[in-house]
Amino acid sequence: MTLETALRPPFSLPRLLRAHADEPEQKYHWLGKDSEPPRESQPPSGLGERKPEGEKSKYRPLGSITLGEVEQAMGLFEAQLIPAHDHWIAKNHFCTLPLKRIRDGRPPLIFGYVTACFPSDGHIENVEDLELLFPHRDAPPDLLRLHKDDISLYSDRHAQSHYLRVQVKGAAEDEAEFAGSEEMFHANGFQLDFDRGYYNLLDMNEQNQSAHPHLYVIGSRWLAAVPPSTYFEVISKLKEMLGWGKVIVNYHPGWLPTEIHTLNRALGLKYKLTKHYLTEPEDPQQTAVLVARTFKDLLGNGWARADQ
């Protein structure tokens with residue numbers, strides 16, 4: 001016992017600490033001693049607090065947008081939009097907003113697709129902040145941020161939100177199945193336009209196709225009801241529409257009899273073997289989700305083919 005006590009180091013001496021076998025030894029001191037514990041290394045004052053030189057904001061300044069750019073953006077969707085609400089803004093809707101005239105070169109109004117809004121929707125006087133996608137034909141959209149102080153409440157042009165038209169070619173059964181789903185589509189910024197005819201499709205050509213809707217939901221039962229004398233003409237037109245960049249979704253409930261073909265079969269489209277292959281939602285809810293996802297992908301990549 002005497003020898004063990006003698007071999008112990010004095011309690012007040014600094015000790016060496018090694019957390020793991022492969023880590024270097026570090027000194028530490030017991031509480032109550034004058035020596036201070038080692039301080040963690042810190043970067044010089046100011047480093048890490050500034051943005052790297054040349055880094056840009058993710059928001060495009062309003063003052064960099066010209067009136068001509070606004071007119072071009074609105075022209076891309078002129079034939080696609082239906083007025084929704086005056087003085088009311090909501091997420092997933094296109095909107096036109098008058099801007100306060102500040103001497104930074106900004107245009108008198110702005111147009112875009114609302115991706116975020118606080119509050120999430122409501123009267124324009126109650127909106128605090130919002131984010132817009134400012135669309136381009138051949139490039140991804142710019143992200144804009146507007147504060148309530150940017151929006152003019154006393155302009156001759158008032159705030160306006162819009163729905164995007166979705167042409168639905170459906171049979172009477174299709175229309176009945178979609179009855180009551182309007183609010184689901186409205187929440188995603190779409191207005192369904194039901195039409196059982198086919199003459200407006202046959203009148204479409206490469207020169208006037210931009211005046212027609214860009215998004216189509218076509219029911220298999222509708223195509224099956226087209227008269228035999230016109231059937232192949234309609235099939236040819238649908239193929240042309242795909243070539244022009246029109247988006248076609250095939251509404252095909254899974255319980256339909258086998259004699260009612262999908263559009264993929266009718267048009268000879270095969271997954272990964274042909275340039276185009278249509279998705280086939282089986283109910284209105286799947287259709288609404290699919291249309292919304294497809295549109296956002298189109299807008300995010302640039303509305304390049306919508307008017308060509």
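Is H87 buried, partly exposed or exposed? H87 counts as partly exposed because its relative accessibility is 34%, where buried means under 20% relative accessible area, exposed over 50%, and partly exposed in between (1.4 Å probe, protein chains only). This is a predicted model, in which local features need pLDDT of at least 70 and side-chain atom pairs count only at pLDDT 80 or more, while totals for chains, interfaces and linings use all residues. Residues are numbered from 1 along each chain as its sequence is written, and side-chain values use heavy atoms, with hydrogens and water left out.

**Backbone geometry**

- Most residues other than glycine have a negative phi, and most peptide bonds are trans.
- H87 has a positive phi, near 60 degrees, and is not a glycine.
- The position of H87 is the loop between β3 (81–86) and β4 (88–90); strands (E, at least two residues) and helices (H or I, at least four residues) are DSSP runs, numbered from the N terminus.
- N92, also not a glycine, has a positive phi of about 70 degrees.
- The loop between β4 and β5 (94–98) holds N92, which counts as buried because its relative accessibility is 12%.
- The peptide bond from F118 to P119 is cis, and its omega is near -10 degrees.
- P119 sits in the loop between β6 (109–118) and β7 (121–123).

**Salt bridges**

- A salt bridge is counted when a side-chain nitrogen of Lys or Arg is within 4 Å of a carboxyl oxygen of Asp or Glu; the count comes to twelve.
- E128 pairs with K148 in a salt bridge whose closest N and O atoms are 3.5 Å apart.
- This pair links distant parts of the chain, 20 residues apart: E128 is in the loop between β7 and β8 (129–134), and K148 is in the loop between β9 (142–147) and β10 (160–169).
- E128 is partly exposed at a relative accessible area of 28%, and K148 is partly exposed at 38% relative accessibility.
- In the salt bridge between D129 and R145, the closest N and O atoms are 3.7 Å apart.
- D129 belongs to strand β8 and R145 to strand β9, so this pair ties together parts that are 16 residues apart in sequence.
- R145 has a relative accessible area of 46% and is therefore partly exposed.

**Helix α7**

- E233 is located in helix α7 (residues 228–243).
- With a relative accessible area of 47%, E233 is partly exposed.
- The C-alpha atoms of E233 and L202 are 7.7 Å apart, and the two residues are 31 residues apart along the chain.

**Cavity**

- The structure holds one cavity of 30 Å³ or more; a cavity is a set of points, on a 1 Å grid over the protein atoms alone, where a 1.4 Å probe fits but cannot get out.
- The largest cavity has a volume of about 30 Å³, a volume being the space filled by probe spheres set on the points, with grid points joined across faces, edges and corners.
- Its lining consists of N92, F94, Y113, L164, N188, G189, F190 and F295, where lining residues have an atom within 4 Å of a point.
- The lining of the largest cavity divides into five nonpolar, three polar and no charged residues; Ala, Val, Leu, Ile, Met, Phe, Trp, Tyr, Cys and Pro count as nonpolar, Asp, Glu, Lys and Arg as charged, and the others, Gly among them, as polar.

Definitions and conventions: 1 Å grid on protein atoms, 1.4 Å probe; cavity = no way out; pocket = protein on both sides within 12 Å on 5 of 7 lines; lining within 4 Å.
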